[in-house]
Structure formats: C-alpha cells, structure tokens
Amino acid sequence: MTQSPARTDEAGPSPALTPAQAFDALYAFCAPALVRQAYLLTGRRELAQEAVERAFQLAWQNWPQVARDRDPAGWVRAVAHECALSPWHRFRLRYRHPEPPPADAADRALLEALLKLPTTYRRTLLLYDGVGLDLPETAAETEASTPAAANRLTRARRLVADRVPELADPATLHRRLTELASTERLRASQPPAVRTYAERQTRFWTRSALAFTATIIAATTLTLRTAPTHYEAPIGPAQAISGVPAEVGLGPLSAGERALQAKLRRSAEKGPERLVPVAR
C-alpha cells in the first residue's frame, strides 16, 4: 500500500540529524568494511580495529570539517589506511610477532602475497581491485599522479600473480579479496564508545595545553620579577701583581745597622743641627 501525496505533504521533510546521529550513521555504514580493508593492509586483526577506531575518533574531533566534506567516507577511509600502515607500529612490542594466518590455504597464500608487496603497491591494489575506486580517485587518495598509480597497480597485480597464478584475472582477484576479508571475524566497537573516547582525548589535550600555557606564564612572570633592573659588570678573577717588594717583618738589627743607629744618635745629640731650648 503506497502513501498518498497529501499525507506526504502533511508529514513534511524528515527532521535533520544531530551530529551524534550523523556520526553514528557514518560509522555503522563504513566501519565494518574499513576493518576488513585494514586487515588486508596489515594482516593483523587487532591493529585493523585499532586503526579504524582511531580514524573515527579523529573524524569526531573534526566533525564540522568531516561533515562538510564531499566524501566523508573517503575522508575516514584515507585516515584509517594511514593509521594502519604507520611505520611506528613496528616499534610496538605487541605487534612485533605475526598473528595466526587464515586457516584456509588459499586465503593464507593471498594474504602472504599481499603483505609482501610494498605498502604503496598494496594500498593501490586494495583501493582499485578491492574497494572499486577508479584510477584517478586511487591516485588522489594515495597522493600520487595517475600514471604513477597505474604503474603501481600493474606491478602489484604482476607480483601477486607470480605468487598466486590463479589471481592473474582482475575480476578473480577482486572476488578473492572480498572473500578473504569476509571470512575473518572482524568487528569494530560501538560508535558511542568511540565518540566518548574521542571526547575524553579532546578534554585531556585541552587541559594539558592550558596547564602548559599557565606554566609558561608563571615562569615568565617569575623571571620578570626576579630579573635585575640594571646591568652589573661581573668582577674579574684575581690576578698576581709583579714588581712589588716583598714584605719584610721586624727582626734583630745587623751589626752595620746598629753602628749606623749609634752614629745617628751621637750626631743628633752634639751636632749644631739640634735645637736646644734656652731658659729665660
């Protein structure tokens, strides 16, 4: 039974979604597929989930920008792929050892062939043959020119076909990539948990920035209050002075000094130079 036009006009347009509802809808639509893509890029189930959740956390922190983007799903996909392929994961202890491979031999061979590709080739192959983007979109998302993306795609297909000959056909490769990602039990967290964690991170970094700014202001104020108001030249280090006679202490007179002293005394007593008071 169809709805009459009059009832449709009376109902009016559907109410606009709140930011949280729009985010949750985008998460429910994209997250499962992105986790599978991240798994094909890394071969790690936990890392795939972590990369997708991190991408959506950044999307929620920058939601006004993401909501106005012409392709919000593409924005989140690009960030998730970058997080999954970050070279810093190799320094994390939890990711130093490989995870158990798929149980099926064909799936295991395909995943090993993918992981042996350079990361740029692997991502280009996934976007074109796995996701289904065209060549210009693949080049834009991998930040390469269209000829460079085409060259990466051709070489990636050839390298995979050398290891798994039955995947030389692109249609077969596309089907097997979809099957490999679907066979693994991969899931993402619920969107409210992702939004809550993103908000906590935002509050943490905001408080950290405020605390750091307050510390800088306090240090600057203390410096201004305790700094000298005029320049005082530093006192130079002490230096030895030459040419000054050595200090001589008092001691007994020598024979010559005693003779000179006696002569001076006799001369002062009998000589005409001495003034003698005259009584009146």
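**Exercise 1.** List the buried residues of helix 5 in this predicted model.

*Solution.* Start with the extent of the element: helix 5 covers residues 72-84, which is 13 residues. Next, apply the cut-off of under 20% relative accessible area for a buried residue. In helix 5 the residues that qualify are Ala 73, Gly 74, Trp 75, Val 76, Arg 77, Val 79, Ala 80, His 81, Cys 83 and Ala 84. With 10 of its 13 residues buried, helix 5 is mostly covered. Finally, look for what does the covering: it includes helix 2 (19-42), helix 3 (45-61), helix 4 (63-68), helix 7 (119-131) and helix 8 (135-141).

**Exercise 2.** Compare the span of helix 5 with the span expected at 1.5 Å a residue.

*Solution.* From the first C-alpha to the last, helix 5 reaches 18 Å. The expected value is 18 Å, and the span is close to it.

**Exercise 3.** Determine how helix 2 and helix 3 are oriented to each other, and classify the residues in their contact.

*Solution.* The two axes lie 8 Å apart, at an angle of about 150°. Angles over 145 degrees count as roughly antiparallel, so helix 2 is roughly antiparallel to helix 3. The crossing of this pair is right-handed. Residues of helix 2 in the contact include Phe 23, Leu 26, Leu 34 and Tyr 39, and those of helix 3 include Leu 47, Val 52, Phe 56 and Trp 60. By class, the contact has 17 nonpolar, 2 polar and 2 charged residues.

**Exercise 4.** State the secondary structure content and the buried share of the chain.

*Solution.* The chain has 12 helices and 0 strands. Of its 280 residues, 29% are buried.

Definitions and conventions. Residues numbered from 1 in each chain as written. Predicted model: local features only at pLDDT ≥ 70, side-chain atom pairs only at ≥ 80, totals over all residues. Heavy atoms only, no water. Helix = DSSP H or I, 4+ residues; strand = E, 2+ residues; numbered from the N terminus. Expected span 1.5 Å × (residues − 1). Buried < 20%, exposed > 50% of the residue type's maximum accessible area, 1.4 Å probe, protein only. Contact = heavy atoms within 4.5 Å. Axes fitted to C-alpha atoms, helices over the stretch in contact; angles between N-to-C directions. Parallel < 35°, antiparallel > 145°, perpendicular 65-115°, else oblique. Left-handed = near helix turned anticlockwise from the far one by under 90°. Nonpolar A, V, L, I, M, F, W, Y, C, P; charged D, E, K, R; others polar.
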